[in-house]
Amino acid sequence: MSDFATPLPDTTPEVGLSEVERLVDTFIAPTKTFMDIRRSSSWWVPFVLTCLLSWIFTFTVSKKVGWEAVAQQQIHASKSSADRFDQLPPETQAKQIHMAGTISTYIGYAMPVMFFIIMVVMTVVLWMSVNFGLGAETKFWQVFAVLTYAGLPKIFITLLSIILLWAGVGVDNFDIKNPVGTNLGYYLTDSPKWLQSFGSYFDIFSLWMLALMIIGLAVIGKKTKGQTAIIVLGWWALILLVSVGWAAVMG
């Protein structure tokens, strides 16, 4: 508990880490990586790695599942959407599935752009929260770099999805929104949608990411992990509540 309430050392490495060392230390010694971000807010390596895996994932889904099948699964994932879809003539259904599949393909390959935009929005929110809420003096690109490195555990979800799909596992019932069983929601298929949504937030790799965000913001903001945990977990809880509420409304 004392470590959680004590600010991390106010030191900046004299000799910087290499990009490979930064990547490795994110998983085995994250404080070293985030200390190094004080020296250099470089973020391109984890960003490029995430984008490359995103493209491989998109290609894999296209070859092993098919984006039209993904679109159809998503339509029938919601009872209200499925009811509306089933009332359409077969020709219209086929056109909608084909169009949705085509759009999904483009979105898949455009994910790096969307990922960058999402990261910018998250950075603005956390940057302002830490600086104004905790009185820290972090820089925008420092927070951005923390988020790109903190997000690295989630590449394991993408890797597992790619491996399992090429192995032919879960192809028939593939869910693009929850592709692998690393969270509670994955196993609640017979439960209400709001409960599935709630369970999906308790994901091994997502919780690991949250822990890294707390450590990283504490390091660059020179605050305690307890203080940054309030910020990070507060926003996480708000997003969770909104998502669960939306799932409940949409059915």
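Predicted model: local features only at pLDDT ≥ 70, side-chain atom pairs only at ≥ 80, totals over all residues.
Visitor: How many helices and how many strands does the chain have?
Guide: Read along the sequence, the pattern is α-α-α-α-α-α-α-α-α-α-α-α, and the C-alpha atoms fill a box of roughly 65 × 35 × 25 Å along the principal axes. The count for the chain is therefore 12 helices and 0 strands.

Visitor: What percentage of the residues in the chain is buried?
Guide: The chain exposes about 13,700 Å², and carbon and sulfur atoms supply 69% of that area. A residue counts as buried when its relative accessible area is under 20%. Of the 251 residues in the chain, the buried ones make up 39%.

Visitor: What share of the contacts with a separation of 6 or more joins residues 24 or more positions apart?
Guide: A contact here means heavy atoms within 4.5 Å. Among the contacts in the chain with a separation of 6 or more, the share that joins residues 24 or more positions apart is 68%.

Visitor: Which element gives the largest share of the largest nonpolar core?
Guide: The largest nonpolar core has 29 residues, and those with the most contacts inside it are F34, I37, L126, M213 and L217. Two or more residues of this core come from each of α2 (30-39), α7 (111-134), α8, α11 (204-221) and α12 (225-250). The largest share, 9 residues, comes from α11.

Visitor: Which residues does L126 touch, leaving aside those up to four places away in sequence?
Guide: L126 is one of the residues with the most contacts inside the largest nonpolar core. Not counting residues up to four places away in sequence, L126 touches V143, L147, M213, L217, I231 and W235.

Visitor: Is T58 buried or exposed?
Guide: T58 is found in helix α3, and, not counting residues up to four places away in sequence, T58 touches W67, T105, G108 and Y109. Because its relative accessibility is 2%, and the limit for the class is under 20%, T58 counts as buried.

Visitor: Which helix gives the largest share of the nonpolar surface patch?
Guide: The patch covers about 710 Å² and is made by W44, V48, L52, W55, F59, Y109 and W166. One of these residues, L52, has its place in helix α3 and counts as partly exposed because its relative accessibility is 44%. The largest share of the patch, 5 residues, comes from helix α3 (residues 44-64).

Visitor: Which residues are linked in a network of salt bridges?
Guide: Side chains of opposite charge can pair when their charged atoms come close. A search of the whole structure finds 2 salt bridges: R22 pairs with D36, the closest N and O atoms being 2.8 Å apart, and D36 pairs with R39, with the closest N and O atoms 2.9 Å apart. The residues linked in the network are R22, D36 and R39.

Visitor: How many residues apart in sequence are the parts that R22 and D36 tie together?
Guide: R22 and D36 form a salt bridge, and R22 lies in helix α1 (residues 19-28) while D36 lies in helix α2, so the pair ties together parts whose separation in sequence is 14 residues.
In the other pair, D36 and R39 are 3 residues apart in helix α2, which means a separation of about one helical turn. For R22 and D36, the value asked for is 14 residues.

Visitor: Which backbone nitrogen does the side chain of Q142 reach?
Guide: Q142 lies in helix α8 (residues 140-150) and is buried, with a relative accessible area of 10%. Not counting residues up to four places away in sequence, Q142 touches I37, R38, S41 and I220. At 3.0 Å, its side chain reaches the backbone nitrogen of K139.

Visitor: Where is K222 placed?
Guide: Phi of K222 is near 60°, a positive value in a residue other than glycine. K222 counts as partly exposed because its relative accessibility is 44%. The place of K222 is in the loop between α11 and α12.

Note on methods: Residues numbered from 1 in each chain as written. Heavy atoms only, no water. Helix = DSSP H or I, 4+ residues; strand = E, 2+ residues; numbered from the N terminus. Buried < 20%, exposed > 50% of the residue type's maximum accessible area, 1.4 Å probe, protein only. Polar contact = N/O pair within 3.5 Å; in protein donor to acceptor, adjacent residues only side chain to side chain. Patch = residues over 30% accessible without salt bridge, like charges linked within 9 Å, V, L, I, M, F, W, Y side chains within 5 Å. Areas by Shrake-Rupley, 256 points an atom, 1.4 Å probe, with all protein chains shown as cover. Salt bridge = Lys/Arg side-chain N within 4 Å of Asp/Glu carboxyl O. Core = buried A, V, L, I, M, F, W, Y, C linked by side-chain atoms within 4.5 Å.
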